[in-house]
Amino acid sequence: MTAGENSVQIKKSVPDLAPLEAVLFDVDGTLCDSDPLHYHVFREMLPQIGFNNGVPIDEEYFIKNIAGKHNSDIAVLLYPDDIPRGIKFMEDKEAMFRRLALENLPPIKGLYKLTKWIDDRGLKRAAVTNAPKPNAELMISKLGLKDFFDVVILGSDCERAKPYPDPYLKALEVLQVSKDHTFVCEDSVSGIKAGVAAGMPVVGLTTRNPESVLMEANPTILIKDYEDPKLWEALEELDKRIGSSKTSA
């Protein structure tokens, strides 16, 4: 894809996807508000290994360097000279996250309104995440969405994780749908970049990341949550275009 083709794709709106075939979701911060748990765990555990001279990281550092990144990349950040030690740290961190997530994992506001909209239209759907498999399975199950998704694509199952497009391209391939009739829901710069690089419009959620930061990744629209009127205006227009095309046919 050339730079010119990519810039045209970025401008494509959700209604332009008619007839819609599929919706692809990130998990952390997109299905559920899990980032506060991740942030809490990092603030607890990083001082124990002397990271940042034992001073807990702040939210700005978390958003810029950790949120949405694959664990292997975070391991390199923490232990550039001892990757296996970094991987072990991340495994311990994820175990602590899962213990906390069992007790508190709120869905993003309006999530089930959108999943019903998708169900009612018989669309295909996938979860596409950089999270480790045990995390992804726990979150999806805890949210009651185990039977909702046709497939779960993990960054670790691909040659390259987000921010590269590979996980989203794999989802399109497995679902046998076109990028021209599919949109992505994401909440991180890494994830938005991956969706855009895969050639799809991305609905960005400002769950925890600042709007100014997310805009750098070129989402099609930014919404606060799944009850945001901007989302539903786009989906209503999409439905109208599908209806019009059926009538003219």
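This is a predicted model: local features need pLDDT of at least 70, side-chain atom pairs count only at pLDDT 80 or more; totals for chains, interfaces and linings use all residues.
**Cys185**

I started with Cys185 and found it in strand β4, which covers residues 182-186. Is Cys185 buried or exposed? It is buried, at a relative accessible area of 0%. Next I looked at what surrounds it, skipping neighbours within four places in sequence. The contacts of Cys185 include Val23, Leu24, Phe25 and Asp26, and also Leu114, Tyr168 and Tyr226. Leu24 sits 161 residues away along the chain, yet its C-alpha is 6.3 Å from that of Cys185.

**Disulfides**

How many disulfides does the whole structure have? My search came back with 0. Cys185 is in none, and the nearest cysteine sulfur, in Cys32, is 13 Å away. I then checked Cys158, where the closest cysteine sulfur is that of Cys185 at 19 Å.

**Aromatic rings**

I went on to the rings and got 7 aromatic pairs over the whole structure. One of them joins Phe25 and Phe149. Their centres are 6.0 Å apart with 75° between the planes, and the pair is edge-to-face. The two residues are 124 apart in the chain, Phe25 being in strand β1 (residues 22-25) and Phe149 in the loop between α7 (133-142) and β3 (151-154). Both Phe25 and Phe149 are buried.

**Charges over rings**

I noted two cases here. The charged end of Arg125 is over the ring of Phe148, 4.4 Å from the ring centre. Lys113 lies over the face of Trp232, also listed at 4.4 Å from the ring centre.

**Salt bridges**

The structure has 15 salt bridges, and I wrote down a few.

- Asp119 pairs with Arg125, with the closest N and O atoms 3.1 Å apart. Arg125 is buried at 7% relative accessible area, whereas Asp119 is partly exposed at 44%. This is the Arg125 that sits over the ring of Phe148.
- Asp120 pairs with Lys116, and here the closest N and O atoms are 2.8 Å apart. Both lie in helix α6 (residues 111-120), 4 residues apart, or about one turn of the helix. Lys116 is exposed, at 51% relative accessibility.
- Glu94 and Lys93 meet through their side chains at 3.1 Å, N to O. I looked up burial for both: Glu94 is buried at 4%, and Lys93 is buried at 2%.
- Lys12, Lys179 and Asp180 are linked in a network of salt bridges.

**Helix α9**

Last, I looked at helix α9, residues 189-197. Which of its residues are buried? I have Ser190, Gly191, Ile192, Ala194, Gly195 and Val196 down as buried. Gly199 follows α9, and its phi is positive, near 90°.

Technical notes. Residues are numbered from 1 along each chain as its sequence is written. Side-chain values use heavy atoms; hydrogens and water are left out. Buried means under 20% relative accessible area, exposed over 50%, partly exposed in between (1.4 Å probe, protein chains only). Contact means heavy atoms within 4.5 Å. A disulfide is a pair of cysteine sulfur atoms within 2.5 Å. Rings of Phe, Tyr and Trp (its six-membered ring) pair if their centres lie within 6.5 Å; planes under 30 degrees apart count as stacked, over 60 as edge-to-face and the rest as tilted. A charge sits over a ring if NZ of Lys or CZ of Arg is within 6 Å of the ring centre and within 35 degrees of the ring normal. A salt bridge is a side-chain nitrogen of Lys or Arg within 4 Å of a carboxyl oxygen of Asp or Glu.
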